[in-house]
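Here is a short briefing to read with the model open beside you. Take it topic by topic, and keep the viewer handy.

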Amino acid sequence: MRVQFWGTRGSIAKPGPSTARYGGNTSCIEVRSARGTLVIIDCGTGGHSLGQKLKSDRKLTSAERKGLRGHILISHTHWDHIQGIPFFDPLFAPGNEWDIYGPNGLSRSFREILAAQMQHNYFPVTLDQCGAKIRYHELVEGSFDIDDIKVSTRYLNHPALTLGYRLESDGVTVVYACDHEPHSRLAATGDGEITGQDLRHAEFVSRADLLIHDAQYSAEEYPAKIGWGHSSAEYAVNLGRFAQVKRIALTHHDPLRDDDAIDRLVASIRGKLRQSSSSLEVFAAFEGQIVDVAADPAKGSTRRVSEFPAEIPVEPALARQPVLLGVADTRTSAALCEAVRAEGICVKTFSNIAEARKLIAKDRPSLVILEHDPPRINGMDMCRAIRRQANGHEHRLPSVLVSGQEDCESGDAAAVTDWLIKPFTGAYARTKIRAWVLRTACRWIPSGAPANEGRQLASPLVTRNQDLEPDNRFDRITGPQHERRRSPKRVAKSDKSALLWMYSRKIAPFESPTFSSRLGEIIARAASAPEKG
Ligand SMILES: [Zn+2]
Ligand SMILES: [Zn+2]
């Protein structure tokens, strides 16, 4: 794959003599596979020059110039990642065809959010007036193909729902992760270990040949920027080493960091890597830079991090599921209620474990948010109590602890899913809630009734789940929504055949907790609704 940087600046365009070498335009990257598939990642102000190049590219035949075909992956819709769209010439030329991808918006569609920056108060041409044929795609965490490029997506940690993109083609992997703040504030300084949710991020970027990562701040600057949604360069490098990445391009440079300051930051990082004899190659991306990412014959084949279809519609599963909130502090509780409702999701509150259990059994919520303020309130005990209920759903229900500080080790032991560290902004809370609700909705999407093994084997959801952990595969294939759609008689029949089929295929071993608890549920349901004839 060939990568070219067209915008490397974060937050706001910063042209001028002090940024002339690394560039002043905001995020935009062109990726080409060896077969010529064109993917653009983000379309900040750098998209203008890229558009001009594509329009006049002498390597294209005149037929190709008339009908340019490309794909734009948008990480999120903050200005510095979309401001180039109204100025991206190939979107306006009739005959061109573009597919634009971005994160699924709950309250408004991705297309509507993009179109908003082109309303007449802001811009003279609307998105609908673009001459090219444009298709919009809303994505969740998962994977899909763009011709010969396999794309995987993963939510990043930012105060707007943001996707990282992992591209695999030609035997190499390129990962783009902007904008992203480390989950652990200690890890953000580059000193702390990669733990908790940062491990998920490490898995996503693992063994990339080129990792293009947010490095807006230095470790020294980070404490004054907590909650702004960006990484320190030191964290990006630490992550890259941990995840066995080959090369890191630091990007999304802070508008206040001039060229000389970027040079000093990179020199300091390279000095530390030399001292520890690391082979990791680190550079700061500059505007116009071309990086050829060639396959390493010693590395072996690349592997997707997810096989779940990223373009699956999730809304029907979302509307019915509330978020449960167990937070005694009235101000925090009010802020979280507002954040949940702003996403168009219903919120229900509880004040003790008995109430929580009742709500969980009755409403099958998509997320539970618990307060943790020891010794006054122990959210971990509450989390354990929820998990102890002998029902499969509670084991899978994501639990987010709201606390003044994280404690990943004890949290892992108590099966805490994630942390929301105070103080937090409404935007951060809203984004975290949206990401977990969407993840739950994806787990509940059915694959179709297992009427016969042939059809089951042909199901894309089933075949795409082969690389998941057995419990996850089982959830995906026989989630709660799958059951609800059928009459009791059908439920018993399809569940039994699904269980037998999965057992025979070694997809879900009997000893896994989910399998045994689901089996118990199904036996109970079958006993209360026996089949006739
Ligand atoms: Zn940004
Ligand atoms: Zn952003």
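Helix α15 is mostly covered, with 14 of its 18 residues buried; a residue counts as buried if 20 or more other C-beta atoms, placed from the backbone, lie within 10 Å of its own. Helices (H or I, at least four residues) and strands (E, at least two) are DSSP runs, numbered from the N terminus. This is a predicted model, in which local features need pLDDT of at least 70 and side-chain atom pairs count only at pLDDT 80 or more, while totals for chains, interfaces and linings use all residues. Residues are numbered from 1 along each chain as its sequence is written, and chains are lettered from A and ligands numbered from 1 in the order in which they are written.

**Helix α15**

**The nonpolar core**
- The largest nonpolar core holds 113 residues; such a core is a set of buried Ala, Val, Leu, Ile, Met, Phe, Trp, Tyr and Cys residues joined through C-beta atoms within 7 Å.
- Helix α15 (residues 426-443) gives this core its largest share, nine residues.
- At least three core residues come from each of domain 1 (2-292) and domain 2 (315-443), with bounds from an automatic or database domain assignment.
- Those with the most contacts inside the core are I29, V174, L211, L250, V323 and I369.
- Setting aside neighbours within four places in sequence, L211 is in contact with V175, A177, V205, G240, V245 and I248; contact requires C-beta atoms, placed from the backbone, within 7 Å.

**The sheet around β4**
- An open sheet of seven strands runs β6-β5-β4-β3-β2-β1-β14, with mixed pairing; two strands pair if DSSP finds at least two bridges between them.
- Its edge strands, β6 (133-139) and β14 (290-292), each pair on one side only.
- Strand β4 (residues 69-73) is mostly covered, as four of its five residues are buried.
- Strand β3 (residues 38-43) runs parallel to β4 and is joined to it by three bridges. In β4, H71 is the bridge partner of V39, and L73 is that of I41.
- Five bridges join β4 to strand β5 (residues 97-103), again in parallel. The bridge partner of G70 in β5 is W98.

How values were computed
Buried ≥ 20, exposed ≤ 12 C-beta atoms within 10 Å, placed from the backbone. Contact = placed C-beta atoms within 7 Å.
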